[in-house]
Amino acid sequence: MKKLIFVYLLVLLAVKSSAQHTIQLSIKNNSDKNTLAGATVSIKQLNKTVIADSAGIAIFKNILPGSYNISVSFIGFEEKEITLQVPQPNDTIIEVLLMEEDEHEEEEEEVVVRATRISRTIANIPTRVEVISGEELVEKGNMKPGDIRMLLNESTGIQTQQTSATSYNAGIRIQGLDGRYTQILRDGYPLYAGFSGGLSILQIAPLDLKQVEVIKGAASTLYGGGAIAGLVNLVSKTPQEERELNFLANATSAGGLDLSGFYSERYGNAGLTVFASRNSNRPFDPANIGLTAIPKFERYTINPRLFLYGKKTNADIGISFVTEDRTGGSINYINNGGTGFFEKNKTERITTQLGITHQLNENSHLQFKNSFSNFNRSISVPNYQFDALQQSSFSEFTWNQKKESSDWVIGANLLTDQLVERGQTSIAKRDYQLNTLGLFIQNAWTISDGIVLETGLRGDHVSNYGWELLPRLSAMFKISPQFTTRIGGGYGYKAPSIFTEDAERFQFQNIAPIDNINTRNERSVGFNWDVNYRTKIGELGISMNHLFFYTRLNNPLVLVGSFSGIYSFQNSTGYLDTKGMETNLRLTYGDFKLFLGYTYTDANTHFNNTKAWLPLTAKHRLNNVLMYEIEDKLKIGLEAYYFSQQQLSDGTMGRSYWIMGLMAEKLWKKFSLFINFENFSNTRQTKFGPIYSGNINYPNFKDIYAPVDGFVVNGGIKLKL
């Protein structure tokens with residue numbers, strides 16, 4: 001329900017001379033009679049603008065007699081113009097009724113966050129959630145239509161870390177922490193854990209996504225272990241009243257080709273979505289060193305999903321199939337065969353999803369969710385192969401109650417994860433069986449118009465490792481319509497696993513299985529505090545968010561070598577921590593939008609009473625994006641990203657660097673054309689020095705901390721039928 005705002009204009013005309021007058025305006029919120037400090041008041045003919053002070057008072061002095069158009073604006077409300085005749089009779093009060101902006105209200109209603117389990121708009125949830133949706137999601141999709149790597153990498157505090165120099169494999173790092181500490185969900189289903197995580201963000205195309213939700217900091221209370229650094233929830237599109245049929249074709253100067261299609265329609269009590277894509281690339285070596293910066297690959301994806309709508313019960317069921325062949329390494333080997341270094345990844349992923357929601361009454365419902373994943377992956381390098389099948393399942397039952405001031409979620413879930421290694425090995429097989437039973441309760445309580453409190457408690461029992469108790473608390477304070485602050489924290493954990501970025505770099509060669517007796521869960525505690533401020537000065541809209549964060553991870557699992565050449569994972573005796581801040585500033589003026597972001601990350605290990613900089617973490621990072629957009633006609637974007645020096649795992653330092661990009665899209669009613677000049681500054685790590693040592697047929701690769709693919713142009717067409 002939209003609020004009605006009365007702005008009272010009390011004009012006191014004090015005559016200092018026969019030709020000069022003073023206009024004084026007292027600006028208040030009619031709903032609670034509070035003054036609206038910071039409101040903008042302008043007299044257009046005189047080109048004069050004043051900002052209401054802390055008491056909500058705006059004063060214009062030395063005004064000549066005449067007729068004036070006065071505009072009053074406040075962030076979140078429609079601008080109102082009145083005509084005022086000066087002088088006015090004494091004690092005249094002019095009452096102006098302002099309506100809350102329709103567009104702003106609709107936007108908040110659409111952006112409903114699901115990652116926190118409690119479905120609230122992003123403006124009314126205590127947990128800090130970043131949402132990539134709408135035009136931003138479309139623009140990032142133009143730059144990399146084949147996967148979501150760039151979509152995530154260009155957000156403050158998030159870095160996609162490349163784990164293979166030749167096969168492009170990558171993981172997600174949030175606030176400096178290793179990729180294994182970030183949980184990736186699809187519509188609330190944990191489908192990308194363990195062995196399947198190494199290629200996950202490279203095998204997800206964004207065309208069928210409605211939005212991407214990111215929670216930074218401890219979030220294990222929500223969905224269980226693994227979300228120490230945070231979680232990413234990929235929200236799929238669902239059938240709407242109008243049919244949606246989209247196609248995308250994209251080609252790149254690096255030899256890439258992306259073809260995607262998405263269909264969605266509702267037929268009365270049923271609905272259907274279908275996503276299909278083919279993505280491929282030729283081997284690409286911009287540095288002419290004989291090794292691939294982008295591997296040769298071919299991937300096919302199909303994902304149909306059926307929705308059923310009843311009077312009280314809704315259900316959806318979907319199945320997804322992904323198959324990919326990926327070969328990186330020697331260009332000569334890939335093109336001609338024979339000898340040479342290679343890294344082959346062959347994957348096949350089948351997942352099913354089932355969701356049933358039953359409405360008990362207007363305030364509460366029951367929900368059941370189940371997913372099953374069958375993931376085959378073989379990794380081959382000269383003289384070695386790691387071939388395994390991972391089968392995992394997720395089942396969850398919840399009771400949700402939503403009332404005017406309080407939301408409750410109570411539930412239980414069961415996760416199973418089994419890996420079977422195939423073929424002969426020189427060391428013990430890495431087979432495992434891990435089952436996790438979780439019980440949880442969450443509550444969001446609107447204490448008053450200005451205070452919302454969110455609490456949660458989870459207990460997980462992990463086979464072989466026992467119980468983990470995970471409390472979580474977040475609070476939001478609306479100081480004024482312009483100023484909001486959130487503060488929160490919680491506990492997290494991660495069960496031991498060999499599937500880490502360190503092991504991925506070795507293709508799991510000579511990695512011993514986890515010793516269940518002598519290892520234990522990694523445990524963490526984390527805190528976030530952020531402030532939000534938004535205002536409008538004339539035609540300039542300003543929105544600012546500043547975040548402080550801290551995470552401490554006790555007894556982290558580290559890879560330890562031995563004289564025999566066998567590596568094993570052990571809990572360290574110390575801890576690692578990451579602390580810092582993120583600043584996001586958004587300026588809008590007419591058809592222009594400017595996004596400025598800065599991330600400071602101070603991540604360190606504290607092992608054996610020695611403090612050391614956590615490798616592959618840039619302390620300083622800048623995100624700068626300038627957009628020019630004529631709605632439904634034209635988009636032009638210019639980007640610039642800066643990464644400061646990073647320490648590498650061999651103790652050396654990497655170079656600082658900039659990445660520049662330019663994107664343009666021309667839109668018509670049924671189709672659009674887009675082109676993107678990615679990294680036109682042609683920044684490449686191979687320009688800074690060699691990325692390997694030794695013989696090219698038996699290379700020892702260094703850490704990849706900067707792009708290796710350099711300047712790439714992509715462009716294509718999108719159809720809406």
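Mentor: We will go through cavities and then a pocket. This is a predicted model, in which local features need pLDDT of at least 70 and side-chain atom pairs count only at pLDDT 80 or more, while totals for chains, interfaces and linings use all residues. Residues are numbered from 1 along each chain as its sequence is written, and side-chain values use heavy atoms, with hydrogens and water left out.

Trainee: What is a cavity, and how many of 30 Å³ or more does the structure hold?

Mentor: On a 1 Å grid over the protein atoms alone, a cavity is a set of points where a 1.4 Å probe fits but cannot get out; a pocket is an open set with protein on both sides within 12 Å along at least five of seven lines; lining residues have an atom within 4 Å of a point. Points are joined across faces, edges and corners, and a volume is the space filled by probe spheres set on them. Here there are six cavities of that size.

Trainee: Which residues lie nearest the centre of the largest cavity?

Mentor: They are K144, R149, M150, Y168 and D709, from a lining of 44 residues. The volume of this largest cavity is about 750 Å³.

Trainee: What is the volume of the second largest cavity?

Mentor: About 220 Å³. Its lining has 19 residues, with R186, Y192, T301, S320 and V322 closest to the centre.

Trainee: Which residues are closest to the centre of the second largest pocket?

Mentor: That pocket holds about 1,400 Å³. D502, R505, F506, S649 and D703 are the closest of its 50 lining residues.
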